Amino acid sequence: MAFNSILRKSGSFVRALAVAGQLTKNNHLGHRTLIFTAINHQKDSFVPKFHFSSVAAQKKPTSDENLLRVIESEIECAQETDDHNEVEGVPSNFPFKIVDSPGQQTITLERTYQEEEIKVEVHMPDLVTGEGNNEDDDNESERASQSSIPLSISVYKKGGPYLEFNCVGYPDEIIIDSLSVKNPDLTEDQIAYEGPDFQDLDENLQKSFHRYLEIRGIKPSTTNFLHEYMINKDSKEYLVWLNKLKSFVQA
């Protein structure tokens, strides 16, 4: 069979030479042109057709496929952690109601104290995994090597202005960064005077406001629990976010 195929192809090649010869006779082409004409006429018969490019395209993963594999690997790592499955038990003496909406990076705490409405917006913690290099023993250097949790605290009374504190909760300590009196009746083009920097206030006044917040439930035991709660929330939200990425890339 193979020999007959060779004979058939040889016959075709001879016919091609004849055609090329006729072209040479009519057009005064040279012998090299004759041979090249015959070879070009028959190249599709002699040269096997290999679809190298199409085969390679089928086997070589696309950039989306590579991205998908990396995302799936990250999902497996996230699932192996303990945090995303943990349910942080709320202490029996925790003074706030927790409003935790899936997909949000903050939670809200709510409570009523006497005739005041208190709301606290709790952000994701700022995690510190290593010790600071500064060997000074002052408080700022010590805080720089500790994880913290940002808090925005609003204290409302019926009608009128309200107080807003921006705080940072460290282990066993709460720092008040700013204090302002907010007037909800102000228009957008009005800029209210918000007072001096909190650290510039009289020391006794600073201590009194720390005590003011502590009475209303903003104390180290509260923020230490919130720190663990938000770490768990961060792990859960990250896993959900990765799965959303995976679904988008797969679509």
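Lys 207 counts as exposed, at 52% relative accessibility, where exposed means over 50% relative accessible area, buried under 20% and partly exposed in between (1.4 Å probe, protein chains only). Glu 203 is likewise exposed at 52%. The side chains of Lys 207 and Glu 203 meet in a salt bridge (3.6 Å, N to O), that is, a side-chain nitrogen of Lys or Arg within 4 Å of a carboxyl oxygen of Asp or Glu. The two residues stand four apart in helix 6 (residues 203–215), so about one helical turn separates them. Helices are DSSP runs (H or I, at least four residues), numbered from the N terminus.

## Basis of the model

This is a predicted model, in which local features need pLDDT of at least 70 and side-chain atom pairs count only at pLDDT 80 or more, while totals for chains, interfaces and linings use all residues. Residues are numbered from 1 along each chain as its sequence is written, and side-chain values use heavy atoms, with hydrogens and water left out.

## Salt bridges involving helix 7

Seven salt bridges are found in the whole structure. One of them joins the side chains of Glu 72 and Lys 246, at 3.7 Å from N to O. Glu 72 belongs to helix 4 (residues 63–80) and Lys 246 to helix 7 (residues 220–250), so this pair ties together parts that are 174 residues apart in sequence. Glu 72 is partly exposed, with a relative accessible area of 28%; Lys 246 is also partly exposed, at 23%.

Within helix 7, Lys 233 and Glu 237 lie four residues apart, about one turn. Both are buried, and their closest N and O atoms are 3.0 Å apart in a salt bridge. Asp 100 is linked with Lys 233 and Glu 237 in a network of salt bridges.
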